[in-house]
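Here's a quick tour of the structure below, taken one topic at a time. Have the viewer open as you read.

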Amino acid sequence: MEIGYYFALSALLFCVGLVGVLIRRNAIVLFMCIELMLNAINLTLAAAARMWGGPDGQVFVFFVIVVAAAEVVVGLALIVNLFFRRGTVDVDVPQLLRY
Amino acid sequence: MTLLLAAEGHGEAVNEVVQATTGLLGLSWLIPVVPLLGFVLVLALTKTLRERAAFVAIAAAAVSFLLSVGVAAQMLGDPATYVRPIGTFIEVGGFEVAWDLYIDQLTTVMLLVVTGVGLLVHIYSLGYMHGDVRFARFFAYLNLFLFSMLVLVLGANLVTLFVGWELVGLSSYLLIGFWFEKAEYASAAKKAFITNRVGDVSFMIGMFLAFSVFGTLDFLGIIENAETLASGTALALVLLFLGGAAAKSAQIPLYVWLPDAMAGPTPVSALIHAATMVTAGVYLTVRLSPVLVQSVTGMEVIAWIGVATVLLGALIALRQDDIKKILAYSTVSQLGYMFVGVGVGAFREGIFHLVTHAFFKGLLFLAAGSVMHAMANRTDAWGMGGLRKVMPITFWTSAIGWLAISGVPPLSGFFSKDQILTEAYMHGYFGIWLLGLLGAVLTAFYMSRWFFLIFLGKPRFGHDVHPHESPASMTAPLIVLAVLSVAGSLLNPVHHGPLYNFLAPVVGDVSAIGYEAAGPIPELGLIGAAVVAGAIGIGLAFLVYVKGDLSRGRMLEPIRGTAAEVLERKFYVDEVYSLVFVRIGGRIADAMVWFDTRIVDGVVNGAGAGSLALGRVTRRAQTGLVRGYAASFLLGALVLVGFLVFSVR
């Protein structure tokens with residue numbers, strides 16, 4: 001198959017994730033969208049690695065997965081904490097860092 | 001003519017330069033240091049010493065005087081230029097200024113005048129300042145002044161001289177404003193200080209120029225290399241130093257502070273504003289006379305400023321009624337004579353007049369102080385009269401001072417003034433000679449007026465004043481100064497007398513200038529003219545103020561109407577100055593202030609305010625909304641991608 005299809009699917013997935021991040025307010029959904037974007041990138045990396053026959057891309061995919069896992073650990077902790085304190089998972093509610 | 005005015009001293013002996021660290025000259029550093037110690041001691045122990053402070057100060061002055069006499073004795077025995085090394089003052093790269101003392105014939109003369117008159121004034125103040133609330137502090141200041149003046153006189157380079165120059169200015173300021181409770185006195189002190197700063201700027205620029213030309217500020221270096229000066233540089237140097245000297249010595253156009261300085265206690269007027277500090281300008285110009293002779297034009301400027309000052313001071317003195325103001329304008333006028341002397345190449349005659357003037361003007365001021373003491377501090381000459389019987393000692397000593405300044409032979413003032421005028425004539429300055437002679441007539445007139453109004457006639461004061469002779473501490477200095485005013489003639493009774501020859505090695509050689517006499521009048525004729533001038537002045541004053549009907553009061557004055565008004569208002573010079581410098585200067589200063597506060601501060605504060613305002617606007621971006629940040633993140637990424645795409649293509 002042409003690599004272009006992989007790239008197109010990847011771009012599509014990335015855009016879906018991006019739009020989700022921009023328009024949704026639920027923190028958990030935001031997380032899922034971010035995962036989506038990361039996976040879109042993973043797809044690109046894997047496809048490209050396969051096409052050029054190099055191991056770099058695949059190695060990088062592992063890195064991304066590890067970072068994403070770490071992010072989820074920290075992020076879920078934050079979300080749980082937020083929920084206990086504010087009773088909501090709406091990311092627009094906590095505005096302590098505004099001017 | 002050749003009888004008295006022997007051949008001009010051509011090719012005079014030049015002093016040998018000797019490093020002196022032993023003997024009395026080795027101790028010469030004590031001369032200024034002892035009064036400094038006196039100053040510190042009196043100030044520190046004011047409470048403990050109280051009235052005894054005077055004796056500490058007098059003792060300090062006496063020690064300085066005795067040391068000066070010792071130095072003078074050594075100088076007479078073995079004349080030379082002695083340099084007493086003390087230590088380094090400033091050392092920057094190749095530039096070195098030392099605290100060294102420079103003792104030659106001129107210094108010796110100045111030392112004796114300063115410490116001698118200084119000592120007498122210290123003693124006089126014991127009686128005059130008795131009972132003053134700040135009695136001890138007065139003596140401390142007198143000691144400080146003595147120290148400063150001695151630093152000025154002894155300094156071996158222009159910087160040390162300048163240190164003394166500024167210190168005497170400070171002492172003068174402190175003493176003029178001694179009774180600072182009166183706002184008028186405090187402002188007189190400020191006027192003196194500020195007017196002198198104008199001259200100091202000129203002096204300093206002169207110093208910088210001298211350094212750039214000679215590469216040194218030591219008098220030795222300057223005097224030795226003076227002959228290498230280009231005429232333009234010499235003229236510039238002369239005029240710049242003249243600017244400094246004119247402020248200190250109250251010459252046109254910077255004389256205005258001196259009459260106001262009379263606000264200070266009378267001993268101060270005698271010591272600082274008649275005998276010593278005001279002559280510092282003359283001292284400076286004579287000290288630099290080897291530079292002066294390189295620019296005849298510069299010297300002519302000095303002579304003309306001098307003679308103009310003679311006339312201006314004398315004319316104003318004609319219609320002043322305050323006995324101290326008359327003497328103050330007289331001082332301005334007499335200092336003019338000294339500058340005439342310097343300007344026409346009669347440096348030594350100028351110094352001679354400086355010395356005799358210190359004697360008789362010191363005497364006259366102290367006499368005026370004695371009169372004020374008797375008259376409960378009144379100073380209006382029209383409210384006096386008839387003090388001859390009441391104050392015999394003051395009367396007789398004043399008479400000597402009056403005759404001396406009026407130019408009556410054989411008193412000292414006659415010789416010194418006549419010698420300057422003769423020299424002016426012999427050096428071809430006919431106009432200056434004639435104007436100087438006119439000045440002599442005026443001097444004799446106003447000084448006679450001063451004397452007659454105070455001492456002769458019937459008393460014109462009310463019964464509330466009970467004049468009495470002053471205490472011995474005041475009359476004794478009067479007597480000593482009176483004797484000196486007479487005996488001063490012996491210093492230089494003929495043109496090329498002892499003082500003239502004594503000072504020969506230290507002054508510039510004028511023989512290269514090639515002066516020629518202004519006309520055929522022989523010297524005896526010139527002397528006769530000077531005698532006649534004095535006689536005319538005294539005679540006229542006698543007719544008006546003794547023979548005249550004094551009951552008519554000021555109506556009697558020979559100068560009436562507009563002329564009198566102009567003289568009484570001192571040619572409106574103060575008014576012009578206050579218009580030009582105070583008002584217009586004030587406007588300029590106001591504009592400067594506006595520029596500073598609005599423009600300069602505005603730019604600085606504006607920068608601060610601007611960044612604050614910018615911050616106030618941009619902090620709105622910090623919404624705390626996560627998705628907003630994500631959006632701007634995206635936007636940035638898009639821009640970057642767009643940029644990459646376009647640049648790759």
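Before the interface, one term: a polar contact is a pair of N or O atoms within 3.5 Å, and within protein one of them must be able to donate a hydrogen and the other to accept it. Keep in mind, too, that what you're looking at is a predicted model.

## Where chain A meets chain B

Let's start with the interface. How many residues of chain A are in contact with chain B? There are 13 of them, and they touch 11 residues of chain B. The size of an interface is often given as the accessible area lost when the parts come together. Here the area buried between chain A and chain B comes to about 1,100 Å², with carbon and sulfur atoms giving 60% of that. On the chain A side, A:Leu22, A:Asp92 and A:Tyr99 lose the most area, and together they make up 52% of what that side buries.

As for polar links, four residue pairs are in polar contact between chain A and chain B, counting pairs with both residues at pLDDT 80 or more. The side of chain A that touches chain B is made up of eight nonpolar, one polar and four charged residues. The rule finds one salt bridge across this interface. B:Arg627 pairs with A:Asp92 in a salt bridge, and their closest N and O atoms are 2.6 Å apart.

## Two helix pairs in chain B

Two packed helices are described by the angle between their axes and the distance between the axes. Take H2 (residues 30-44) and H4 (residues 53-77) of chain B: they pack at an angle of about 175 degrees, and their axes are 8 Å apart. Angles over 145 degrees count as roughly antiparallel, so that is how H2(B) and H4(B) run relative to each other. From H2(B), the residues involved include B:Leu30, B:Val34, B:Gly38 and B:Leu41, while H4(B) brings residues including B:Val56, B:Ala60, B:Ser64 and B:Leu67. By class, this contact has 13 nonpolar, three polar and no charged residues.

Further along, H5 (residues 105-128) and H6 (residues 135-154) of chain B also pack at about 175 degrees, with 10 Å between their axes. H5(B) and H6(B) are therefore roughly antiparallel as well. Among the residues that meet here are B:Met110, B:Val114, B:Gly118 and B:His122 in H5(B), and B:Phe135, B:Phe139, B:Asn143 and B:Leu146 in H6(B).

## Salt bridges

Over all chains, the count comes to 15 salt bridges. One of them joins B:Arg197 to B:Glu166, whose closest N and O atoms are 3.0 Å apart. This pair links distant parts of the chain: B:Arg197 is in helix H8 (residues 183-214) of chain B and B:Glu166 is in helix H7 (residues 158-176), 31 residues apart.

Most residues other than glycine have a negative phi, and most peptide bonds are trans. Which peptide bonds are cis? The bond from B:Ile252 to B:Pro253 is cis, with omega near 5 degrees, and B:Pro253 sits in the loop between H10 (231-248) and H11 (257-260) of chain B. The bond from B:Pro409 to B:Pro410 is cis too, also with omega near 5 degrees. You'll find B:Pro410 in the loop between H19 (392-405) and H20 (412-426) of chain B.

Then there's B:Ala376, a residue other than glycine with a positive phi, near 55 degrees. Look for B:Ala376 in the loop between H17 (347-374) and H18 (387-390) of chain B.

Notes. Residues numbered from 1 in each chain as written. Chains lettered and ligands numbered in written order. Predicted model: local features only at pLDDT ≥ 70, side-chain atom pairs only at ≥ 80, totals over all residues. Heavy atoms only, no water. Contact = heavy atoms within 4.5 Å. Buried area = accessible area lost by both parts, 1.4 Å probe. Salt bridge = Lys/Arg side-chain N within 4 Å of Asp/Glu carboxyl O. Polar contact = N/O pair within 3.5 Å; in protein donor to acceptor, adjacent residues only side chain to side chain. Nonpolar A, V, L, I, M, F, W, Y, C, P; charged D, E, K, R; others polar. Axes fitted to C-alpha atoms, helices over the stretch in contact; angles between N-to-C directions. Helix = DSSP H or I, 4+ residues; strand = E, 2+ residues; numbered from the N terminus. Parallel < 35°, antiparallel > 145°, perpendicular 65-115°, else oblique.
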